[in-house]
Amino acid sequence: MKTVLSVASEVSPLVKTGGLADVTGALPGAMRAEGWRLVTLLPGYPSVMKALKSSRVVRTERACFGGRARVLAGRAAGLELLVLDAPHLFDRAGAIYLGPDGKDWPDNAERFAALSWVAARLAAAGVEDVKPRVLHAHDWQGALAPVYLKAMKGGAGIGTLLTIHNIAFHGLAPASKLAALKLPEAGFTPDGFEYWGKISALKGGLVASDCISTVSPTYARELMTPEFGMGLDGVLRQRVGDLTGILNGIDEELWNPAADPEIAPYKSPAGKAKNRRALLHEFGLADGPGPLCVVISRLTEQKGLDLLLNALDVLAARSGRLALLGSGDAGLEAAWRDAAARLPGVAVRIGYDEALAHRMIGGADAILLPSRFEPCGLTQLYGLRYGTVPVVADTGGLADTVIDANAAALAMGVATGVKFSPVALDPLRFALSRLCNLHGDRKTFTTLQRNAMKQPVGWAASAPQYAALYDRIGGRA
Ligand code: ADP
């Protein structure tokens with residue numbers, strides 16, 4: 001079978017901070033049916049080492065960015081894995097990118113350069129029966145892999161793909177780290193991995209990869225603009241012919257309202273009523289005639305939840321309810337706690353809780369994503385599958401996956417949610433008002449829910465697109 005070596009810093013369900021992990025965890029299964037075998041290289045964090053069963057050492061690196069490292073091959077959670085066991089880099093308690101002070105680990109550049117360098121070594125040399133035609137790197141943490149591979153013996157015949165899940169993180173390092181990161185000085189130019197006097201792992205990958213993909217067609221287009229490109233729009237414009245947007249799918253077994261162990265399963269919108277009552281109860285919210293909305297999100301500037309704080313009165317005026325689950329920025333956590341203390345229709349759980357996320361999607365009428373940018377977004381896809389109407393900013397993957405309930409779409413019977421733009425307070429307030437109007441009209445709202453539940457949100461459409469890309473860059477025998 002044609003093989004891809006995928007390299008990523010998170011892979012669900014072993015280690016996850018966001019949507020990146022969902023995709024790297026789901027893609028191997030989705031691609032098998034397309035005739036591609038994906039083997040994933042990831043760091044040996046404590047959680048990964050624990051999950052790895054009956055592994056064997058397939059490679060040893062004596063000098064791996066400050067210490068000795070081994071590559072273990074094994075399986076976990078149904079995935080074929082190669083694990084970089086480098087205790088000096090990855091055997092640390094707590095969050096994977098952040099130290100106990102809540103700041104990035106000071107050696108993050110070395111940690112993920114090591115991951116990328118080992119990926120390139122494995123791709124170039126092959127390991128056991130893993131002789132990849134394609135090296136598929138994800139985000140800045142894997143982005144140097146194509147850079148290293150290009151310079152390695154045996155690297156030339158292997159196709160390279162870099163997928164951008166979020167361009168906000170560049171993996172910057174001072175130029176003084178060039179040697180420590182095993183990077184060739186010749187590449188430290190504006191045409192290479194230099195970015196305003198620093199090393200940029202992401203830029204290096206964007207320049208060196210045969211192809212670049214991102215997780216929705218609209219985000220691909222947006223990335224080429226100064227507003228969304230975060231300083232790399234020029235690089236992406238230069239590579240327009242090699243840039244593709246492929247939507248993420250969701251795990252349709254894990255997220256299936258008809259067989260979700262966290263909820264009373266249902267196949268039609270009417271089945272949500274019981275889950276709605278349970279959710280109101282769980283959050284200590286009184287029922288009301290308005291929509292029960294949920295937010296499940298990292299609390300960061302990106303997600304636009306500061307705007308939502310100032311739009312809650314629109315929901316309150318229509319007896320709407322809001323339950324939020326999230327964690328992140330300390331200021332936003334405090335502001336949301338404060339809103340919940342002040343407003344009887346608002347309840348908040350600060351934390352990360354996947355089981356609760358299922359109960360929220362199962363019980364809610366609507367899910368809100370007022371993101372300033374959203375490469376793909378997954379929770380609106382969960383919402384669609386569960387008949388939980390998405391109210392979304394018209395950006396990135398949200399633009400590509402939700403059909404606004406405008407008059408034409410309603411008349412055609414294809415509307416699935418509410419969209420607003422630009423991402424600003426007044427358009428968001430109006431979107432919430434529209435949601436309340438739609439929700440007040442039972443027949444229309446049920447139609448929206450039914451349309452949403454029918455929309456394909458799995459990998460069936462996207463897997464062949466990845467296969468086409470793999471074939472394009474590494475299809476040679
Ligand atoms: P991002 O990668 O920007 O965080 P995505 O929508 O692509 O956004 O993916 C977020 C993923 O993380 C989803 O699977 C979502 O359900 C999950 N998630 C985010 N915050 C929480 C939380 N507090 N509790 C449980 N799951 C969460």
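View A. Helix H4 (residues 108-125) lies across strand S1 (2-7), strand S2 (36-43), S3, strand S4 (69-76), strand S5 (79-85) and S6. Its direction makes about 145° with that of S2. Axes here are lines fitted to C-alpha atoms, for helices over the stretch in contact, with angles from 0 to 180 degrees between N-to-C directions. Contact means heavy atoms within 4.5 Å. Helices (H or I, at least four residues) and strands (E, at least two) are DSSP runs, numbered from the N terminus. Helix H5 (residues 139-150) also packs on the sheet, where it touches S1, S6 and S7 and makes about 145° with the direction of S6.

A note before you read on: this is a predicted model, in which local features need pLDDT of at least 70 and side-chain atom pairs count only at pLDDT 80 or more, while totals for chains, interfaces and linings use all residues. Residues are numbered from 1 along each chain as its sequence is written, and side-chain values use heavy atoms, with hydrogens and water left out.

View B. Follow the strands in the order S3-S4-S5-S2-S1-S6-S7-S11-S12, and you will find mixed pairing. Neighbouring strands are turned by 25° against each other on average, direction ignored. Two strands pair if DSSP finds at least two bridges between them. For a closer look, take strand S6 (residues 134-138) and strand S7 (residues 159-164), which are parallel and share 5 bridges. Here valine 134 stands opposite glycine 159 in S7.

View C. Gly19, Arg298, Lys303, Gly351 and Tyr382 come nearest; a residue is near if one of its heavy atoms lies within 4 Å. Helix H1 (19-32), strand S13 (292-299), strand S14 (321-328) and helix H15 (379-385) each supply at least two residues of this shell, and S13 gives the most, with 3. By class, the shell has 5 nonpolar, 7 polar and 6 charged residues. In this count, Ala, Val, Leu, Ile, Met, Phe, Trp, Tyr, Cys and Pro are nonpolar, Asp, Glu, Lys and Arg are charged, and the others, Gly among them, are polar.

View D. The side chain of lysine 16 has an N or O atom 3.0 Å from an oxygen atom of the ligand. Aspartate 22 places a polar side-chain atom 3.1 Å from a ligand oxygen atom. At glycine 351, a polar backbone atom is 2.8 Å from a nitrogen atom of the ligand. On its own the ligand has 560 Å² of accessible area, and the protein covers 92% of it; areas come from the Shrake-Rupley method with a 1.4 Å probe.

View E. The bond from serine 12 to proline 13 is cis, with omega near 5°, and proline 13 is in the loop between S1 and H1. The bond from serine 421 to proline 422 is also cis, with omega near -5°; proline 422 is in the loop between strand S18 (418-420) and helix H18 (425-440). Tryptophan 196, a residue other than glycine, has a positive phi near 50° and is in the loop between strand S9 (194-195) and strand S10 (198-200).

**View F. An open sheet of 3 strands has the order S8-S10-S9.** Its pairing is antiparallel. Strand S8 (172-174) and S9 each have a single partner strand, so one side of each is left without a neighbour in the sheet. S8 and S10 are joined by 3 bridges, and proline 174 has lysine 198 in S10 as its bridge partner.

Key:
Polar contact = N/O pair within 3.5 Å; in protein donor to acceptor, adjacent residues only side chain to side chain.
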